[in-house]
Amino acid sequence: MNSGCRLTSAALAAVLWAGTASADDGAKARVDAFLANEFEGGALKCMSCAYEQHGETRYSFIAQSGWEGFSADTPLHVASITKVFTATLLMQLSEEGKVSLLDYVQKYIPEFKGENVPIINLMTHTSGWRNKTGHVAKAVDPKRHREFYDTMYQDAEVNERFRYMSQGYDILAEICEKVTGADDVADLARDRIFLPLGMTHSAFAAHQGQAGLQITAPDLVKFGRHLLDIRRTRKTGILTPQGVDALFRRCLKPEFNRTPAFFAKSGYVGFGQYFGEVNTMEAVGHAGATGCFFLIDPGLDAVEVVLTNRISEKDTHFSSCDANFARIFSVMASNFGDNPIGERGRADGSAFGLKIDREKAAAESERVAANQARELGL
């Protein structure tokens, strides 16, 4: 069953139906109403959600406020979800023998200050190194490129602790370019992932491995389904079955919640708790700071996507609250997954025991972000 809706700025609470009526219209009405409420209260410019299971997109939702023409085929900036695709490129290159994830970064980037830092530790944010500039590692301006590496500093030993460092993925993108001879990691993503999978609404930003990806919910579903099918059929696609297994496999300390490409569902605080209560412990996924989350659950054989963009970068009401993603995933999976809940009434957070003080959650997120900025001297 395919279903979807669009919420217009003129009538945020009114759901405009797309697709034909079906026996699941009761579930659709409940989830549409739930997401309409999330959208209206989230200070969002747009929202695109999808739930796919066993190769069938069972539910989709589209909403916009002041973005005329926005549709499921409108690419959105998904920020750090970009990192999943950079990691996929590295796994491809590993399978081809061009690089090992255990190689030291300095082998490819001599100007990187850290000695004996394996590539895998940049992928998992456990290198112990930081950067103050925020510049991409490979910019058009050579001065900025030098400045990026000159301003790196160490604040922990390798594998000592998890500390998110987006810029590490720009270094990884530069490694991809060097070992392939490509002019731009954006070309690699296009030729090695997007074109083979027919992801016609996806594109990397120039030389960026950490953010900048423009993509749609249907394209993310297509990518996630491809990886799940490789695992299920054990037939090679853009990766071998062993490569996909490695991308999904937890590595390093369990409290780091990390695979080489994703965060893994866990009981630990932080990124391990983005996932829905009903997702299995096999679930992996990645968030994006624009208010996005991409989730693949091998245990459910399902792909779940929530993409949003905020009206103002200063308004973090929706995207700063991890539990918003968990609540949405639980509602979609429980209504459209195998053995749905049926007519239970309103689909809201209380049905899953998730009661969130949104203002408190947003304030806590702002406090943490401010502390990190002070630590980095920003």
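In this predicted model, the largest cavity holds about 60 Å³ of space, a cavity being a set of points on a 1 Å grid over the protein atoms alone where a 1.4 Å probe fits but cannot get out, and its volume being the space filled by probe spheres set on the points. The count comes to one cavity of 30 Å³ or more. Its lining, made of residues that have an atom within 4 Å of a point, includes His125, Trp129, Arg130, Asp155 and Met165. By class, the lining of the largest cavity divides into three nonpolar, four polar and four charged residues, where Asp, Glu, Lys and Arg count as charged and Gly is among the polar ones.

Local features need pLDDT of at least 70 and side-chain atom pairs pLDDT 80 or more, whereas totals for chains, interfaces and linings use all residues. Residues are numbered from 1 along each chain, and side-chain values use heavy atoms, without hydrogens and water.

Helix 2 (residues 82-95) packs against helix 5 (residues 168-180) at an angle of about 35°, their axes lying 10 Å apart, with helices taken as DSSP runs (H or I) of at least four residues and axes as lines fitted to C-alpha atoms over the stretch in contact, with angles from 0 to 180 degrees between N-to-C directions. Contact (heavy atoms within 4.5 Å) involves, among others, Leu89 and Leu93 of helix 2 and Leu172 and Val179 of helix 5.

The model has 17 salt bridges, each a side-chain nitrogen of Lys or Arg within 4 Å of a carboxyl oxygen of Asp or Glu. One of them joins Glu38 and Arg327 (3.5 Å, N to O); because Glu38 lies in helix 1 and Arg327 in helix 9, the pair ties together parts 289 residues apart in sequence.

Terms used: 1 Å grid on protein atoms, 1.4 Å probe; cavity = no way out; pocket = protein on both sides within 12 Å on 5 of 7 lines; lining within 4 Å. Helix = DSSP H or I, 4+ residues; strand = E, 2+ residues; numbered from the N terminus.
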